[in-house]
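Biologist: Thanks for sitting down with me. Could you take me through this model and tell me what stands behind each word you use?

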Amino acid sequence: MRRRIRVAAAVAAGLTLSAGAVTPVAAGTGGLTAPARAAAPAAEGGATVRLITGDRVTVRTDVNGRRTASVTPGEGRRHLLFRTVEEDGHLTVLPSDAAGLVTAGRLDRGLFDVTALIAQGYHEAHTDALPLIVADGAGVPDTSLRRLTALAEEGSRVRRLETIDADAVRVPADDLGTFWKRLAPAADGAARAAAVPRVWLDGRVRAALDRSTAQIGAPEVWKNGHRGEDVKVAVLDTGVDASHPDLAGRISEAEDFSGSSGTGDAFGHGTHVASIVGGSGVASGGARKGVAPGADLLIGKVLGDDGFGTASQVIDGMEWAVARGADVVNMSLGSDTPSDGTDPMSRALDELSTSSGALFVVAAGNAGPGQGTIGSPAAADAALTVGAVDRGDSLADFSSRGPRAGDDAVKPDVTAPGVGIVAARAAGTTMGQVVDASHVAASGTSMAAPHVAGAAALLAQQHPDWTASRLKDALTSTARPIEGQRVTEQGGGRIDVAAASRTPVVATAGLSLGRYTADDTGTRTRIVRYTNVSDRDVTLDVRTALATSGGREVADGVLTPAARTVTVPAGGTADLPLTVDPARAERGAYYGHVTATAADGSVTVHTTVSLVVRGPVHRLKVVSYDNDGNRVDNLPMIWGAEGFVGYTDRDNAVAEVEEGTYQLTSGGIERTEGGEVLRQVVLPEIKVTKDTTVVVDPRRTVKVEIRTPEPAEQSGVLSYQTYRKIDGHAWIDGTMYFDSAVALYVSPTPEVTDGTFEFASRWQLVAPLLDAGVVGGADLDAFYMPESPCSTSGANGSGRWTRVTRTHPTSAARAAGSPSSPTNRASRGRSSPNAPPRPASAPCWSSTSTPTAGPAGRLTATAGRCLSCASAPTRAPTC
């Protein structure tokens, strides 16, 4: 009972919704939140974004930090439903005609994540175009791609991304409606999805930011004659100040991909990063030289003068770096949105690293201390992803952590110094803390990554035949694990380039032992490879250690090395099989190292490993019907404790899900003779313990009825929303309809037993409008309250009374009131040219309802608090 009171109070306490508004969602996950007026211009602090569909969404933040969203549908789109979903602090607004393409994987969900769009500067105050990446593919007609790219913003070029077979295009905000109609013409089903090009947001990428070289052991390597000579290191960043003393004569080539002021550095980030990689240290008398002061530097300016760029610009720079023969590519940049490694930048990185042998060193990001915050391209398999530590090797609070989204793999791979790093300052810039005219101190994983890129250059000089995988193995397997830090926070540990340079043996950097279910039987084998670069055999003792983040160690027999010792021949390799028996493991995500040590302590190398054991996976099949009982193609939204679930077989509406509890939602609009009906099927508690078939049948829904003390009718926008919480993970899903709807039907549900579920609908109810007529005589002069549907004051904002006059001999009007309330039916004419008549009172109701399985299967509701609402005493039929 307490839960219902809380929901009702939250909704009833809000302001009246108006046409052009959508159900808002707050940043918190404590339950349903209050709606807010949205037709007015954005309040101070508000931001408006244009969706790919052409619809406008305005997000505001109140004094308590709570966010609300409102929608203004694009031309001809008021008949659509708009869903608002709040999950993990991100607000998504999804039009009903885009939902199927998102579910089918053709549209990037980030295109509708208004929180992320605003954070990236893709709102009307900062840009008048939306950058997109449009991919070709089987089933997509060539003409479709050409028609879409033809809408490119005047003066901007269509950027071809050969690596992922896609085009990057900036579409003007005013043309997004046209773009959407060309992208997704009205159609339904799998055939429609297959013919639609895949589209991602061309997400904005930003720069991620004496004694640190000694901290990683670089001086020892310098003494042995390795300073990075004849090694090409590409720095993809904000450009560089080529006149800086530490970089003068150090740059062999530079190219601008940002379309800004050339290859110079007006931001300061790129100069700082480049000098950490390979600065000469001249400006400090040699005290602050880079890790690889002899390396050849290639400068690709992929971020603009404001420190931001797009994914397509970065991919262009990556392709250029490889084409110019870069051995190492430093990328102190990335997106803030967690990635599973399948985004365009990550895919391009994996492909380019494999085809060229170049090692891509990528900053993990500065989204810590939260877990699972690795973005793109740091999530790429081939990337050597770098977190940040301070001078005492403590993990920086800002450093992004793993595990990687999607498969729970280990990221970052290593850590390096990234706090208070003093390096070159671009002339006239103020990034970081200015030390002197030539130097600035800055912190970030952006500073950590170039330490690792420079270290890779030193090893590449020492071992010219080593390519990306061997360099990654050497730096990761010889890094120093720091006690007290999780494997998903540090990977192999803080790099030690001196150890990597002198070790006779390197091991596989990282190994995923697999993702399993608790009922998996049989064993699996994975291989750790040891490579001996010395002229003598080396024998190593092997031990394994894995545990969950909570410290629970993996059970005996789950991971077994084929031998407890392994001998690696001089100049050769030795493979050590690891046997995995998931049936012996309890459910959980396990991380750790396989460590190999020489008896005399001269060699210690380790491989970072992960093992994930989930509950059994079952097939969840969805069978959908229409109101006539006919089977229909439909892909309802499935949500569980770990977020949204995609369909593995879209043609047959089948998803493979881990055993657990899920919510399924499906809804839409029906056109009937009496008007438009909204119907929502919500199945909040689908417990999957075996292969399960779920039936979505709109015939089982029942009408939501609002009961008020006096007769009332719906006026204005109708909205409804659900709140669901499972295993501590919450999701708010709201729907707003802008046209008039005659009814709302929702599926009644029993009380959930796993987590929390709430449903609320919001209504604007007024006393029924009655007809009043004047036969013969003078015309009826009617006055309307400012908030009356017939008043123009709502449009002009004057707040004054407005007079509407009939020109026909016979006038008629509808009076606010009810047949049982004669005092509310009286039709009034003008009493004075300047003063309005005294209006009759008109009740206005705002109500919430919670679906319950009542005795008759009907939904019950209680009238909520009356909102501020005025109704006119008369209303002309012309309205």
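Modeller: Gladly! A residue is called buried under 20% relative accessible area, exposed over 50% and partly exposed in between, with a 1.4 Å probe and protein chains only. Helices (H or I, at least four residues) and strands (E, at least two) are DSSP runs, numbered from the N terminus. This is a predicted model, in which local features need pLDDT of at least 70 and side-chain atom pairs count only at pLDDT 80 or more, while totals for chains, interfaces and linings use all residues. Residues are numbered from 1 along each chain as its sequence is written, and side-chain values use heavy atoms, with hydrogens and water left out.

Biologist: What makes strand S36 largely enclosed by the rest of the structure?

Modeller: Four of the five residues in S36 (residues 654–658) are buried, so the strand is largely enclosed.

Biologist: Which strand pairs with S36, and in what sense?

Modeller: Two strands pair if DSSP finds at least two bridges between them. Strand S32 (residues 617–625) and S36 have five, in the antiparallel sense, so they qualify as a pair.

Biologist: Let's turn to a helix. How do you know that the span of H10 agrees with its number of residues?

Modeller: The expected span is 1.5 Å times one less than the number of residues. For the 13 residues of H10 (residues 311–323) that gives 18 Å, and the end C-alpha atoms are 18 Å apart, so the two agree. Gly-325, which follows H10, has a positive phi near 85°.

Biologist: Why do you call H10 mostly covered?

Modeller: Of its 13 residues, 12 are buried. They include Ile-315, Met-318 and Trp-320, along with Asp-316 and Glu-319.

Biologist: Asp-316 has a charged partner, I see. What makes the contact between Asp-316 and Arg-159 a salt bridge?

Modeller: The term asks for a side-chain nitrogen of Lys or Arg within 4 Å of a carboxyl oxygen of Asp or Glu. For Asp-316 and Arg-159 the N to O distance is 2.6 Å, so the pair meets the cut-off.

Biologist: Are these two residues buried or exposed?

Modeller: Asp-316 has 10% relative accessibility, so it counts as buried. Arg-159, at 11%, counts as buried for that reason too.

Biologist: How many salt bridges does the structure hold, and which link distant parts of the chain?

Modeller: The structure holds 31. Among them, Arg-502 meets Glu-220 at 2.8 Å, N to O. Arg-502 is in helix H15 (residues 497–502) and Glu-220 in helix H8 (residues 218–223), 282 residues apart. Glu-220 is at 36% relative accessibility, so it counts as partly exposed. Another is Asp-408 with Arg-614, whose closest N and O atoms are 2.6 Å apart. This pair joins the loop between S18 and S19 to strand S31 (residues 604–614), 206 residues apart, and both residues are buried. Arg-50, Arg-56, Glu-124 and Asp-174 are linked in a network of salt bridges.

Biologist: What makes S12 and S19 edge strands?

Modeller: Seven strands form an open, parallel sheet in the order S12-S13-S11-S15-S17-S18-S19. S12 (251–256) and S19 (414–417) each have a single partner strand, so one side of each is left without a neighbour in the sheet. S19 pairs with S18 (residues 384–389) over four bridges, and Ala-388 stands opposite Ala-416 in S19.

Biologist: Which helix lies across S18 and S19?

Modeller: H12 does, lying also across S11 (232–237), S15 (328–331) and S17 (359–363), and running at about 125° to S18. Axes are lines fitted to C-alpha atoms, for helices over the stretch in contact (heavy atoms within 4.5 Å). Angles run from 0 to 180 degrees between N-to-C directions.

Biologist: And what do you call a nonpolar core?

Modeller: A set of buried Ala, Val, Leu, Ile, Met, Phe, Trp, Tyr and Cys residues joined through side-chain atoms within 4.5 Å. The largest one has 54 residues, and those with the most contacts inside it include Val-386 and Val-452. Its largest share, 11 residues, comes from H12 (residues 445–462). A second, separate core of 46 residues includes Phe-179 and Trp-639. Among the residues that Val-386 touches are Val-361, Val-414 and Val-452.

How values were computed:
Lists of a residue's contacts leave out its neighbours within four places in sequence.
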